[in-house]
Amino acid sequence: NSDAMLSFVRRAVPQATRSAARGLQLQPARAFSGGLADQDRIFQNIYGEHDTSIKGAMKIGDYHQTDKIVQKGWEWIINEIKKSGLRGRGGAGFPTGLKYSFMPKHKPDGRPSYLVVNADESEPCTCKDREILRNEPHKLVDGRLIVGSA
């Protein structure tokens with residue numbers, strides 16, 4: 001909507017620049033916080049600007065050493081996740097490593113265990129999961145391979 005864009009431009013751009021930019025289609029810049037370099041961000045394609053294929057995902061580090069991580073075993077994986085301080089993205093921010101340590105390891109009767117991935121966005125104003133699934137699907141698959149093996 002042109003009124004919203006004009007309002008944004010008036011707030012964000014000095015008068016001299018506005019007069020030079022009349023007639024241009026401007027889009028507000030995305031704001032990043034924390035001072036992280038792109039290669040240090042967990043989600044590097046959350047805005048869908050890059051290739052979402054497996055080749056594109058591998059270019060940004062997905063599946064990097066996944067096989068070696070899985071071979072280290074479930075105890076090592078869970079301990080690394082605990083040491084990382086990773087927390088859930090839900091409102092409670094529950095420690096992820098602790099949650100994963102509750103998963104059954106081996107059942108004596110041989111029944112399988114299942115990893116369930118919840119991408120529910122029923123919380124009010126929550127729209128995080130759909131963008132991950134749409135633009136970074138290999139992060140989910142890579143994580144499932146590692147955690148499922150633990």
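Which residue forms a salt bridge with Arg-111? The partner is Asp-109, and the closest N and O atoms of the two residues are 2.7 Å apart.

## Model and confidence

This is a predicted model. The mean pLDDT of the chain is 78, with 75% of the residues at 70 or more.

Over residues 14-20 the pLDDT is below 50. This stretch has four contacts in the model beyond near neighbours in sequence. Where pLDDT is low, the predicted coordinates should not be read in detail.

## Salt bridges

The structure has five salt bridges by the rule applied here. Such pairs can form when side chains of opposite charge bring their charged atoms close. The pair of Arg-111 and Asp-109 is one of them; two others are described below.

Lys-139 and Asp-62 form a salt bridge through their side chains, with an N to O distance of 2.5 Å.

Are the two partners buried or exposed? Lys-139 has a relative accessible area of 19% and is buried, because the cut-off for this class is under 20%. Asp-62 is also buried, with a relative accessibility of 6%. The pair belongs to a network of salt bridges that links Asp-62, Glu-136 and Lys-139.

Glu-80 and Lys-83 make a salt bridge in which the closest N and O atoms lie 2.9 Å apart. Both residues belong to helix H5 (residues 74-84), where they are three residues apart, about one turn of the helix.

Glu-80 is partly exposed, at a relative accessible area of 30%. For Lys-83 the value is 64%, and this residue is exposed, because the cut-off for exposed is over 50%.

## Aromatic rings

How many aromatic pairs does a search of the whole structure find? The search finds zero.

A ring does take part in a contact of another kind, with a charged group: the charged end of Lys-72 sits over the ring of Trp-76. The distance from this charged end to the centre of the Trp-76 ring is 4.6 Å.

Notes: Residues are numbered from 1 along each chain as its sequence is written. This is a predicted model: local features need pLDDT of at least 70, side-chain atom pairs count only at pLDDT 80 or more; totals for chains, interfaces and linings use all residues. Side-chain values use heavy atoms; hydrogens and water are left out. pLDDT is the predictor's confidence in each residue, from 0 to 100. Contact means heavy atoms within 4.5 Å. A salt bridge is a side-chain nitrogen of Lys or Arg within 4 Å of a carboxyl oxygen of Asp or Glu. Buried means under 20% relative accessible area, exposed over 50%, partly exposed in between (1.4 Å probe, protein chains only). Helices (H or I, at least four residues) and strands (E, at least two) are DSSP runs, numbered from the N terminus. Rings of Phe, Tyr and Trp (its six-membered ring) pair if their centres lie within 6.5 Å; planes under 30 degrees apart count as stacked, over 60 as edge-to-face and the rest as tilted. A charge sits over a ring if NZ of Lys or CZ of Arg is within 6 Å of the ring centre and within 35 degrees of the ring normal.
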